Amino acid sequence: MSNVELTDVKTLRERARKHVEHGAVTEGYSADREQILRLLNETLATEWVCALRYKRHYYMASGIKASVAADEFLEHATQELEHADKLAERIVQLGGEPDLNPDNLSKNSHAQYVAGKNLKEMVLEDLVAERIAIDSYREIIQYIGESDPTTRRIFEDILAQEEEHADDMADLLKGL
Ligand SMILES: [Fe+2]
Ligand SMILES: [Fe+2]
C-alpha cells in the first residue's frame with residue numbers, strides 16, 4: 001500500500017461537477033498540461049517524420065528489389081502512423097490541438113528525415129531514428145511519472161514497439 005490519501009466520495013462527486021467543459025481533464029490531474037501537450041506534439045511530429053522516412057525507404061527498396069527490407073519498412077511506416085493517431089487522440093482529450101502542419105513536423109520532430117543513398121544507409125538511418133525515439137520516449141515516461149498514467153501508458157506501449165523496430169533494423173543491418 002502506498003500512502004496516497006483517497007478522496008471521499010462526496011468531494012469526488014462535487015469536483016466532477018465543476019468545470020465539466022474540461023472533459024477528461026479533472027481537478028485531480030496533477031501533470032503540467034501545457035508541458036505534456038508540448039511533449040505529445042513533439043512526439044506526434046517524430047512519428048510522422050518516421051512514417052514518411054519509412055515510406056520513402058519502402059518505395060526505394062521496392063525499386064531495387066530488396067523485398068525483405070521493403071516489407072519491414074512498410075510495416076514500420078504503418079505502425080508509426082498508428083502511434084501518431086494514439087498521440088493525436090490523447091492531445092485532443094487533454095484539450096489541446098494536434099499540430100500536423102507539414103512546415104512544423106521536421107522542426108518539432110526529435111528524429112530526422114534522411115532519404116539514404118542506398119539500402120544500407122536507409123536501414124542505418126532508420127535504426128538511428130528508432131534509437132533517438134527510444135531514448136526520448138523513455139525520458140518522457142520518467143518525466144510523467146505518476147502525474148498522468150494514461151499518457152504514460154500510451155508512451156510505454158509506443159516505446160515497446162520502437163524497441164522492436166530498432167531490433168528489426170539492427171537484424172537487417174547485419175545482413176547488409
Ligand atoms: Fe513510432
Ligand atoms: Fe519506430
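**Starting from one leucine**

Guide: Let's start with leucine 119, which sits in helix H5. Bear in mind that the model is predicted.

Visitor: Is leucine 119 buried, partly exposed or exposed?

Guide: Partly exposed, because leucine 119 has 19 C-beta neighbours inside 10 Å. Buried would take 20 or more.

Visitor: What does leucine 119 contact, beyond its neighbours within four places in sequence?

Guide: Ala61, Ile64, Ala66, Ala69 and Leu176.

Visitor: And how far is leucine 119 from alanine 70?

Guide: Their C-alpha atoms are separated by 9.7 Å. Along the chain, leucine 119 and alanine 70 are 49 residues apart.

Visitor: Step back. How many helices and strands does the chain have?

Guide: Six helices and zero strands. From the N terminus on, the order reads α-α-α-α-α-α.

Visitor: What box do the C-alpha atoms fill?

Guide: Roughly 65 × 40 × 20 Å, taken along the principal axes.

Visitor: What share of the chain is buried?

Guide: 30% of the 176 residues.

Visitor: And the contacts, what share comes from residues 24 or more positions apart?

Guide: 72%, counting contacts in the chain with a separation of 6 or more.

Visitor: On to the core. Which residues touch the most other members of the largest nonpolar core?

Guide: Leu40, Leu44, Leu87 and Ile91. That core holds 34 residues.

Visitor: Which helices each supply at least two of its residues?

Guide: Helix H2 (33–63), helix H3 (67–93), helix H5 (119–144) and helix H6 (149–174). H2 gives the most, with 12 residues.

Visitor: Pick Ile91. What is isoleucine 91 in contact with, leaving aside neighbours within four places in sequence?

Guide: Leu37, Leu40, Asn41 and Leu44, plus Gly96, Glu97 and Pro98.

Visitor: Which residues of H3 are buried?

Guide: Ala69, Glu72, Phe73, His76, Glu80, His83, Ala84, Leu87, Ala88, Arg90 and Ile91. These buried residues of H3 pack against H2, H5 and H6.

Visitor: How far does H3 reach?

Guide: 40 Å from its first C-alpha to its last, over 27 residues. That is close to the 39 Å expected at 1.5 Å a residue.

Visitor: Same thing for H6: what span should its residues give?

Guide: H6 has 26 residues, so at 1.5 Å a residue it should span 38 Å. The end C-alpha atoms of H6 are 38 Å apart, which agrees.

Visitor: Which residues are buried in H6?

Guide: Thr151, Ile154, Phe155, Ile158, Glu162, His165, Met169 and Leu172. The buried residues of H6 pack against H2, H3 and H5.

Visitor: Now the helix pairs. At what angle do the axes of H5 and H6 cross?

Guide: Roughly 155 degrees, and the axes come within 8 Å. That angle makes H5 roughly antiparallel to H6. The crossing of H5 past H6 is left-handed.

Visitor: And how do the axes of H2 and H5 cross?

Guide: At roughly 165 degrees, coming within 11 Å. H2 and H5 are therefore roughly antiparallel to each other. H2 also passes H5 in a left-handed crossing.

Visitor: Which residues make the contact between H2 and H5?

Guide: From H2, Leu39, Thr46, Cys50, Arg53, Tyr54, His57, Met60 and Ala61. From H5, Leu119, Met122, Asp126, Ala129, Ala133 and Ile140.

Visitor: Last topic, the backbone. What is phi of histidine 19?

Guide: Near 50 degrees, a positive value in a residue other than glycine. Histidine 19 lies in the loop between helix H1 (9–17) and H2. Histidine 19 counts as exposed because it has 11 C-beta neighbours inside 10 Å.

Visitor: Then lysine 65: what is its phi?

Guide: Near 55 degrees, a positive value in a residue other than glycine. Lysine 65 lies in the loop between H2 and H3.

Visitor: Is lysine 65 buried or exposed?

Guide: Exposed, with 7 other C-beta atoms within 10 Å.

Visitor: What about glycine 95, what phi does that take?

Guide: A positive phi of about 85 degrees.

Terms used:
Residues are numbered from 1 along each chain as its sequence is written. Chains are lettered from A and ligands numbered from 1 in the order in which they are written. This is a predicted model: local features need pLDDT of at least 70, side-chain atom pairs count only at pLDDT 80 or more; totals for chains, interfaces and linings use all residues. A nonpolar core is a set of buried Ala, Val, Leu, Ile, Met, Phe, Trp, Tyr and Cys residues joined through C-beta atoms within 7 Å. A residue is buried if 20 or more other C-beta atoms lie within 10 Å of its own, exposed if 12 or fewer, and partly exposed in between; C-beta atoms are placed from the backbone. Helices (H or I, at least four residues) and strands (E, at least two) are DSSP runs, numbered from the N terminus. Two residues are in contact if their C-beta atoms, placed from the backbone, lie within 7 Å. The expected span of a helix is 1.5 Å times one less than its number of residues. Axes are lines fitted to C-alpha atoms, for helices over the stretch in contact, and angles run from 0 to 180 degrees between N-to-C directions. Angles under 35 degrees count as roughly parallel, over 145 as roughly antiparallel, 65 to 115 as roughly perpendicular and the rest as oblique. A crossing is left-handed if the near helix is turned anticlockwise from the far one by less than a right angle, and right-handed if clockwise.
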